[in-house]
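This briefing sets out selected features of the structure shown below. It is grouped by topic for reading alongside the sequence and the model.

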Amino acid sequence: QISFRRREARGERQEHKPFVICDEKLIKERRHVYQGRRRSMHRMALATMRQIFWSLFFLACCYPAICADGLKLALLNGGSSFFIPVAEGFMKRCGDLGLECFHTEVGDDDNFTCEGFREYIVPIWLHLGVTGIAMKPCSNWTFMNLFVDELQAQGVPIIFLDGDVPNSTRLAYVGTDQEFLGRTMARLLRKLKPAGGSYALIAKKDGRTDGFVEELERYNHREDRAHWYEVEGKYRDLNLTAEELQQQAPILQGYLGDMERAALLNPDALIFFKQSPMRVQNYTGFVEKHRHRNITLLGTDGADYQLQYLNQRYVDGLVGQLPYSFGTECAQALFDVITTGSLESATIHTNLVSYNINPHELPSLDVDQNLLDDVVFVGYVCFGTVVLSVLACLAWTIRYRAEMVARTAEPLFLYMV
């Protein structure tokens, strides 16, 4: 090429003829150089992709810690011993997430109303820099709606636990599915009393009572299942007139009065939808007094004293909630909504635990064999029809086993069929 350009510069025009390099050694060297450059470019691309991947991975791992820096959460807990594990679970989850958290102790609100304590403690927490609050709501729904709206307007996410408020702007509810708890109690009662019978309801609670009654009376229309029905007669204070209440002795008012009146109606089961009836004074005396009636006692929750009652046969079965899970789920939900801005669900239900004593001597097993009874002849006719059809098909296969249609379908296979 250089020689050609020099001749062209001197004015010597000469036709250019293309040429082909036939040196195999030179071709291999050029190819080796090209492949080396391509491998080098691939290595650079892979190195760049690895750097991008590890950068994104590091950012994803550190993002929660970066977002959690400076976060402070608070738990406005309930006032009974049931809520002690809630605080333990809340603080444990906060420790796992590396957060600074606060919570109220049982008895902190003794000198306040429910509304007044919230108006007192929440401003203190906000002054300390709390960025999210989980609380047990008060029964005053109007106050709670206004209170939550005010906090949400300040950018503080609110989560309710153990109870919910209709039409509230809270971000989530953490707690038990009350209807499912009632259904679980009904299933436990059917297990303890498979023969069915009558029941009395003490300390009704929304959701639990409806789920219990619906599940327990679910099979009342079937003749082959045990039937359950509520005992007839007035036994709850709400069913009594003012004159009837005045005629009752003081001991027959409140939950103990409901229990006494219900026991006199001889139900097969007594159902407590709250802890309160089992915490009344002389509950054990009530059980001993009516033990001869053989009433099955079914309670809610699994506090230490209730498990002791179960061990001493002062109650026959318990369906408990998991308050520790309330606390862990509340802390996690607050952390998620602050760091990511959203939650997978506005309702977070926790699991249940069932307690009962299995008797040493179980009743004889009654197996339903689903016999045909009066229509047994129909079964014999159907069986005979099937046998005749099988014999006919078998005879046809043997007769035509040498024909193409039978050979194609494999006679041995047809025999097995």
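The model is a predicted one. The points below cover this patch, then the strands and the helices packed on them, and finally the salt bridges.

**Nonpolar surface patch**

- Helix 14 provides the largest share of the patch, namely six residues.
- Val387 is located in helix 14; with a relative accessible area of 31%, Val387 is partly exposed.

- Strand 5 (residues 172-175) is covered on both faces. Ala172 and Val174 are buried on one side, and Tyr173 and Gly175 are buried on the other.
- In a regular strand, side chains alternate between the two faces of the sheet.
- Strand 4 (residues 158-161) pairs with strand 5 in the parallel sense through three bridges. Ile159 is opposite Ala172 of strand 5.
- Strand 11 (residues 347-349) also pairs with strand 5 in the parallel sense over three bridges. Here His349 of strand 11 is the bridge partner of Gly175.

- Six strands form an open sheet in the order 7-6-8-9-10-12, and the pairing is mixed.
- Strand 7 (228-230) and strand 12 (353-356) are the edge strands; each has a single partner strand, so one side of each lacks a neighbour in the sheet.
- From one strand to the next, the twist averages 20 degrees.
- Strand 8 (residues 269-272) and strand 9 (residues 296-300) run parallel and are joined by three bridges. Ile271 stands opposite Leu298 in strand 9.
- Helix 12 (residues 304-311) packs on the sheet and touches strand 9, strand 10 (317-320) and strand 12. The direction of helix 12 makes about 155 degrees with that of strand 10.
- Helix 9 (residues 254-264) lies across strand 6 (197-202) and strand 8, and runs at about 165 degrees to strand 6.

**Salt bridges**

- The salt bridges number 16 in the model. Side chains of opposite charge can pair when their charged atoms come close.
- Lys92 forms a salt bridge with Asp96, with 3.0 Å between the closest N and O atoms. Because Lys92 and Asp96 are four residues apart in helix 3 (residues 84-97), about one helical turn separates them.
- Both partners of this pair are partly exposed: Lys92 has a relative accessibility of 43%, and Asp96 has a relative accessible area of 47%.
- Arg183 forms a salt bridge with Glu214, and the closest N and O atoms are 3.1 Å apart. Arg183 belongs to helix 6 (residues 178-192) and Glu214 to helix 7 (residues 208-216), so the pair ties together parts that are 31 residues apart in sequence.
- Arg183 counts as buried at 17% relative accessibility, whereas Glu214 is partly exposed with a relative accessible area of 48%.
- Arg222 forms a salt bridge with Asp224, in which the closest N and O atoms are 2.8 Å apart. Arg222 is partly exposed, its relative accessible area being 30%.
- One network, joined by salt bridges that share partners, comprises Glu179, Arg183, Arg187, Arg190, Glu214, Glu215 and Arg218.

Note on methods: Residues are numbered from 1 along each chain as its sequence is written. This is a predicted model: local features need pLDDT of at least 70, side-chain atom pairs count only at pLDDT 80 or more; totals for chains, interfaces and linings use all residues. Side-chain values use heavy atoms; hydrogens and water are left out. Helices (H or I, at least four residues) and strands (E, at least two) are DSSP runs, numbered from the N terminus. Buried means under 20% relative accessible area, exposed over 50%, partly exposed in between (1.4 Å probe, protein chains only). Two strands pair if DSSP finds at least two bridges between them. A salt bridge is a side-chain nitrogen of Lys or Arg within 4 Å of a carboxyl oxygen of Asp or Glu. Axes are lines fitted to C-alpha atoms, for helices over the stretch in contact, and angles run from 0 to 180 degrees between N-to-C directions. Contact means heavy atoms within 4.5 Å.
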